[in-house]
Amino acid sequence: MTFERAMQPTIEPMQDHDIETVARLRLAAFFEGTGRTLEDDAAGLRKLLAGDGFEAALVVRIDGVPVGSCLLVRDELEPAHDLTPWLAGLVVDIPHRGKGIGTTLVNAIEAHAASVGVETLYLYTWKRATSTRLLAGLGWRHSSRMARRCC
């Protein structure tokens, strides 16, 4: 009897064919119970992909299927201040959490940010124990509900 082994996760720039899968992950993680629709989120991701290269959208694939994503964006959804740019939309599908995928995504976004000249990167997070442990372990400094790290 032979068993096929799952492929190793790969991180790649998001492609148009990833958008619906990633938007579904994002809706479940961040926007459940809000008025944000799959179409709204997909449109935002398409706009980000069509940008000037400063912003970035990365996906983690396992066996060719997106199981996580993270973004570098200039502005958060509803900017209320002058802080920019943002690590945003870090999401990993529930069955794949706890395997280092989130850490790998954060590191990849930080590397992209540094490559485009970012000195300070911001992040908004809910006060979840998992988020707090992940970010603290990666050297992020917390200030209320905002975290920032120099790249």
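Tutor: Let us start with burial, where a residue counts as buried if its relative accessible area is under 20%. This is a predicted model, and in it Phe31 has a relative accessible area of 11%, so Phe31 is buried.

Student: What share of the 151 residues in the protein chain do buried residues make up?

Tutor: Buried residues account for 36% of them, while the chain exposes about 9000 Å², of which carbon and sulfur atoms supply 53%.

Student: How many aromatic pairs does the count come to?

Tutor: Two rings pair if their centres lie within 6.5 Å, and planes over 60 degrees apart count as edge-to-face. The count here comes to two aromatic pairs. Trp86 and Tyr122 form a tilted pair, at 6.0 Å centre to centre with 50° between the planes.

Student: Which strands hold Trp86 and Tyr122?

Tutor: Trp86 belongs to strand S4 (residues 86-92) and Tyr122 to strand S5 (residues 120-124), so that this pair, 36 residues apart, links distant parts of the chain. Both Trp86 and Tyr122 are buried.

Student: Which residue lies over the face of Phe31?

Tutor: Arg36 does, at 4.8 Å from the ring centre.

Student: What pattern does the protein chain follow along the sequence?

Tutor: The chain has four helices and seven strands, and they follow the pattern β-α-α-β-β-β-α-β-α-β-β.

How values were computed:
Residues numbered from 1 in each chain as written. Predicted model: local features only at pLDDT ≥ 70, side-chain atom pairs only at ≥ 80, totals over all residues. Heavy atoms only, no water. Phe/Tyr/Trp six-rings, centres within 6.5 Å; stacked < 30°, edge-to-face > 60°. Buried < 20%, exposed > 50% of the residue type's maximum accessible area, 1.4 Å probe, protein only. Helix = DSSP H or I, 4+ residues; strand = E, 2+ residues; numbered from the N terminus. Lys NZ or Arg CZ within 6 Å of the ring centre and 35° of its normal. Areas by Shrake-Rupley, 256 points an atom, 1.4 Å probe, with all protein chains shown as cover.
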